[in-house]
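Here's a quick briefing on how side chains pair up in this one. Have a look at the structure first, then read on.

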Amino acid sequence: MQFVRHLILLSLLTATALAQSVSWTDAGTGDPADLQLVFEECSPDGTPQLPALNGIAFNFRGQSEQTSIINFSMSRSVILSYRLQTGNVGSVQIPAFKVRTNKGELTVPAYATGTVQPGPEADVQARLRPGRNTVWAGEVFSLSYTIDVARRNFSNFGGGIEWDSTPLLAEDWAKPEVAETTRGGESRLNLAFRTRGYLKSPGTVQLKPISQLLNLNTGTTGFRLFQQQRIDQVSIHTDPVDIKVRPLPLPAPKAFDGAVGQFKLNSKVVPATAAVGEPITWTLELSGTGNWPDIAGLPSRSVSQDFQVISPQAKRRVEEGKLFDATLAEDVVLVPTKPGTYTLGAVEMSYFDPATGTYQTMRTPATSVTVTAAAAPKFNVMPPAASVAQPDAAPKASAPEPPADPTGIPRDPIVGSHVVASPFSSLSPLVALVLAPFGVVLVVWLALAYALARKNDPARSRRLARQQLAATLAALRSATPNSDIQTPSSQLQSPISDLLIRWQHQTAQLWSLHHAAPPPHVLPNDKWKSLWMESDHVLYGAGVALPPDWLARAESVLTSTKVPGTAWWRTLQTKNLLPFLVLTLLFSMLPALHGATDPATDYAAGSYAEAEKGWYAQVEQAPTDWIARHNLSLALAQQERWGEAAAQATAAFVQHPRSAEARWNLAYLYNKAGFTPTEVAPLLKSAPVADLARLASPAIWECVLVISAVVVAVALIGLLLVSYGLGPRWSKWLALVAIVAGVLVGSSAVTGRHAFGIAAQPQTALVWSAGTLYSIPTEADSAQQTTSLAAGSMGTVDQTFLGWARLNFPNGQTGWVRQDTLVYLWK
């Protein structure tokens, strides 16, 4: 029996020992680079020390815990997630290693991954480059740290720059300079950080590499509505850099005290003339760029023993963020004790200039100071003022300040309703409606140009002559059914001779022959020449008849003669066109307006909740009734719901900014709510653009812009008509005035609407209560990224889902919020 107990105890101990294990496993994402280090029935004691692999880095992605119950047996595990970062394709062999746990030290067995592909980090190039690879000891030189990464992959920085700069004494890294390039058809970002530093000791110095964490886009996770980008954090490193430091040349000047760079030394003495006992200030100032941390102070100065010397501490002024640009000033106060003329000697200082590789010596000129004897004391011989009797002054009487008007409570509601138009849903229909009138200008212009082109066509008379020739030949065939044309010269006035003469005139017009009686040889070919000579023989010969086939040949040669029509391109010639062209688009309709009711009775009776319901119903029916919005904000304010009241007042102001009541109420409620939306704040200031924008709502400005476009288009049509001679000349000046006025008014409309920013978009909503911005529309998933959302934030809503709305902010940020914390400005 005792043996059985020992056997059971041994089995339990063995099972417990086997249950505690640590091993690698695939993360199940389908990517062999995603690994998990699983601690079964134990937890890590500190951060595990993973084995070092050449060219491979383990990027920690997070820790989670898992508890499972199977057949009444509970097991717990701790999971550390990693992602392998490598630049080569192939399987990664992770050797066995030991790890400390809360159950003691355990061995992690070796593990071989599947084929790991280089991730986006393999395409990231980080470089550390000095301005020069050979510098002088103490010389300040520039360094640049650049990151070249594909634009589609870069999200943001995962941390600051990690760099041990010793033995280099360097400034802090400046903000990155961003440049965009294209390589291999792909857009890439070049992020450049810059700093300066210097090395004190000569020799070859190797600067340590820089490391930094980057957040890269590696795809998407989720499905459809819940889809979001997958961000992986990777570590990038630069290569070490060797710099050769040259020693300063010897021998150095006596006045050299270790300054390396470019400096200026100035001396100033004020005043040049003083009396005994009066102070004289001698200021010595050193400024420039160089190794300021190694510059101890200014050169010493010597003065006569006839001066008492007061030497305060020198003042060093360093430019913000710059360690090597500074000014060192020292004010020595000299108090003379004897009169006379004294010389303050020159001051010398030497420094090494790395630009020329030589020592430079600065010398200030000597200055003479004149000290005069002390002035004799002056005595007052006048009787003291107290001995003169003065009458008592009468007390002044002043009225108290008048009281200020009270401003601490909301004003009375506005009676009635006023529904305003909503802005266009996007800029596309607005642009289309603005450009539509210019399409009419284009059509009218092209029609007039085509008509003028036909009128000015040089081939017009030839086409007319060809048509007339066909009619003349048809008349000849009707007059001579047997095709036997014989006209004696004495019968030139007969119908047949008239037709032949008409045929000759029309033939001359067809070939543009400007002769009263053209000879046959000027005709273009032998067929026409033969027909012409045969017609001459009939007209002017005695008893001569035309050949039987003359009509047939005349009809055939006329048929083969082609006269070009009016070419369409002639419409676009300078003489037919005005020197401008305008594009046109389709237009859209403005939204309809609605009416509203007025529940001010409940407000006057103190039933603010009932008044809120009534005005809220009006807003639901007509969201652009600014008076209903204004009155609703008053009802909410009486209930001290300041955030909602301020949001409704914002909608009223945006819809009707000219109202003084709306502006006063808006400022009052912003003070109570404790926020002012960034997009509305500029409109509340007294500035030219703000004053212009407040003259009308965004929708009115859009209408003004469309009307201005129509006016300009009509004026352009008037100019076209005048240019083509279809209108009175004086109307040209009227059209020019209309164009100038239309452009000015249209520009004002564009400026006024633009001043409202996103508040001019119908999808805009205002967050009236501070809350949280979520990545997905749920509060249950604790793993999602969230951020705080301040009251007064304003964005456009592009999606809604089960009481949630997705906001797009002007900076490009998007996220989900509860709809009950939003107030739409136009809906």
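Let's start with the rings: the count comes to 26 aromatic pairs, where rings of Phe, Tyr and Trp (its six-membered ring) pair if their centres lie within 6.5 Å, with planes under 30 degrees apart called stacked, over 60 edge-to-face and the rest tilted. Keep in mind that this is a predicted model, where local features need pLDDT of at least 70 and side-chain atom pairs count only at pLDDT 80 or more, while totals for chains, interfaces and linings use all residues. Residues are numbered from 1 along each chain as its sequence is written, and side-chain values use heavy atoms, leaving out hydrogens and water.

**Aromatic rings**

- Trp-24 and Phe-97 make a tilted pair, at 6.3 Å centre to centre and 55° between the planes.
- That pair links distant parts of the chain, since Trp-24 sits in strand β1 (residues 21–26) and Phe-97 in strand β6 (residues 97–101), 73 residues apart; strands here are DSSP runs (E, at least two residues), numbered from the N terminus.
- Both Trp-24 and Phe-97 are buried, where buried means under 20% relative accessible area, exposed over 50% and partly exposed in between (1.4 Å probe, protein chains only).
- One aromatic cluster brings together Tyr-145, Phe-154, Phe-157, Trp-163, Trp-173 and Phe-193.

**Charges over rings**

- Arg-246 lies over the face of Trp-136, at 3.9 Å from the ring centre; the rule asks for NZ of Lys or CZ of Arg within 6 Å of the ring centre and within 35 degrees of the ring normal.
- Lys-672 lies over the face of Trp-642, at 5.4 Å from the ring centre.

**Salt bridges**

- There are 26 salt bridges, each being a side-chain nitrogen of Lys or Arg within 4 Å of a carboxyl oxygen of Asp or Glu.
- Asp-148 and Arg-188 meet in one of them, at 2.8 Å from N to O.
- Asp-148 is in strand β11 (residues 141–150) and Arg-188 in strand β15 (residues 186–198), so this bridge ties together parts that are 40 residues apart in sequence.
- Asp-148 is buried at 8% relative accessibility, and Arg-188 is buried at 2%.
- A salt-bridge network links Asp-148, Arg-152, Arg-183, Glu-186 and Arg-188.
- Arg-194 bridges to Glu-177, with the closest N and O atoms 3.2 Å apart.
- Arg-194 belongs to strand β15 and Glu-177 to strand β14 (residues 177–183), so the pair ties together parts 17 residues apart in sequence.
- Arg-194 is partly exposed at 41%, and Glu-177 is partly exposed at 43%.

Methods. Helices (H or I, at least four residues) and strands (E, at least two) are DSSP runs, numbered from the N terminus.
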